[in-house]
Amino acid sequence: MNSLKIRNLSYKYLSASEPIFNAINLDFEKGWSAITGINGSGKSTLLKLISKELKSEKGMIVGNSLVVYCEQNTEFPPKELEEFMMTYTKEAYKLRDLLQVKDEWLGAWDILSHGERKRLQLAVALSSDSDVLMVDEPTNHLDSQSQAIVVEALKSYRGIGILVSHDRTLLDSLSQHTVMIKSGEVLKYRSKFSLAQEAYEQTLSHKKKVLSEQEHELKKIKKVVQVQREKVSLAKKKFSKKGVGRDDSSLKEKINGAILTGKDKNDGQMLKRTLTKQHHLSENMDKLSKEYETGIKFKGKIAKHNFPISIEKSCITLFESTQLCFPRLSVDVAEKVGISGENGAGKSTFIRSFIQKINYESEYLYIAQEITDKKAEQLFQDVNNLDTEMKGELFTLVQRLGSDAKALLNSTVPSPGEMRKLLIAQGLLKSPSLIILDEPTNHMDLESIQLLESALKEYEGALLFITHDKIFLENLSTKQWVFEKSENQRYTVEEIL
């Protein structure tokens, strides 16, 4: 199969008031195409429609007979896992070698790391007979080494590849075409992601310029409408027979003559034409100004008396005989500490230990790597219990991170990225002086990552964050704690200023 064609496709969730797709048309060719857009814009929905997991209401998809969908969730093993691990063909060996899959992983899914699960999941997907391979967030949770392994494996695919990801490095490494879902529109670019993003920014800049010009024109039209309304009002009075005496036949004849010749209609027709122009201009402006106002700022006073915060030299046990040892570490107000290292090096364990050991009295925000169903349920309950004013502030924060908070709360299937935004917004309402984020970019869309990155740069308190996103790490950190494997089942921490 050389192409995948989508024609006049529409889809609406039962719980939604508006369709998520309305008569969209797309073509996917051999090679990798990236799909980007904000959380909840329909990226995963589109993959599910292509894979026939969801059925479209209108339209058609051609070329999706042999489709493999590798979803972002790694909770359950692939159905074909055992068959793949027990296959001894040259191709199966090559894939296991490429993704560094170990024989002992069979039957050990529950104790595998997210990174190991993802590599197994991708190996099974790549081994399947498919014309179309779709992968959803393949580098979530992965360290740089595992990311490199995954990129090389995906490059080996020779069919139609469709990639949904927030990983800017991965997108540029793989994508030859880019599809952007923006404000209900589906835009296709014949270029890798970074070039497509540049093209979109230029279009957006032009769009804003046109919007500004049309706003100026609309103001002028409103003034013209006002003047014309006054003329029409005067004309009505002028041609009215009200107040004309019964015996004043001469004046009545003059008014009748003016009406018959159409003199009273000119101003009214001009007003009608102007109002029509005003209506069309307003409609066009509504189409142009669909973008949310974005960007968040941190409010509240920073409790500087709590800093610097330090943790003494120590070792902690990660599992069995493996230890993590670190020197005395401290973070001062306004410092942004980026924490990086391979999977299993103890980064999340260290953060939890750090929180327990520090003497910190003021409000702080900690968001873990994954949001459990129980945590999500509690979050929704807490949000619903907020008073009207606080709930309004929360909605504003979520919207400024690129999502509709009200729609999110009414959704029966919120995306993991949307849940993370809600959790961040809830935490920011408390005006924390210390923020600790474990893999904050996981599941979040690119626009939201950039908005969060920009906001955290301006944050005046202390920030600790774990990330595998190289660009996010380099753009944000003022110093780094790097977790590395040393000898004798031991990991160590090196501070880089």
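Predicted model: local features only at pLDDT ≥ 70, side-chain atom pairs only at ≥ 80, totals over all residues.

Trainee: OK, disulfides. How many does a search of the whole structure find?
Mentor: The search turns up one disulfide. C315 is joined to C325, with an S to S distance of 2.0 Å.

Trainee: Which strands do C315 and C325 lie in?
Mentor: C315 is in strand β11 and C325 is in strand β12, residues 322-326, so the bond ties together parts that are ten residues apart in sequence.

Trainee: And why is the disulfide right-handed?
Mentor: Because the torsion about the S-S bond of C315 and C325 is about 110°.

Trainee: Is C325 buried or exposed?
Mentor: C325 has a relative accessible area of 9%, so C325 is buried, given that buried means under 20%. C315 is partly exposed, at 38%.

Trainee: What about C70, buried or exposed?
Mentor: C70 is buried, with a relative accessible area of 4%.

Trainee: Changing topic: how much space lies in the second largest pocket?
Mentor: About 1,300 Å³. The second largest pocket is lined by 41 residues, and those closest to its centre are S113, F319, N343, G344 and A345.

Trainee: Which helices and strands each supply at least two residues of that lining?
Mentor: Helices α4 (114-127), α5 (144-155) and α10 (347-357) do, and so does strand β11 (314-319).

Trainee: What does the lining look like by class?
Mentor: The lining of the second largest pocket has 16 polar residues, 13 charged and twelve nonpolar.

Trainee: Next, helix α1. Why is α1 described as largely enclosed by the rest of the structure?
Mentor: Because six of the eight residues of α1, residues 43-50, are buried.

Trainee: Which residues in α1 are buried?
Mentor: They are K43, T45, L46, L47, L49 and I50.

Trainee: And what is α1 followed by?
Mentor: K52 follows α1, and the phi of K52 is positive, near 70°.

Trainee: Last one, S33. Where does S33 lie?
Mentor: S33 is in strand β3, which covers residues 31-37. S33 is buried, with a relative accessible area of 1%.

Trainee: What is S33 in contact with, leaving aside its neighbours within four places in sequence?
Mentor: With those neighbours left out, S33 is in contact with F28, G161, I162, L163 and H177.

Notes: Residues numbered from 1 in each chain as written. Heavy atoms only, no water. Helix = DSSP H or I, 4+ residues; strand = E, 2+ residues; numbered from the N terminus. Buried < 20%, exposed > 50% of the residue type's maximum accessible area, 1.4 Å probe, protein only. Contact = heavy atoms within 4.5 Å. 1 Å grid on protein atoms, 1.4 Å probe; cavity = no way out; pocket = protein on both sides within 12 Å on 5 of 7 lines; lining within 4 Å. Points joined across faces, edges and corners; volume = space filled by probe spheres on them. Nonpolar A, V, L, I, M, F, W, Y, C, P; charged D, E, K, R; others polar. Disulfide = S-S within 2.5 Å.
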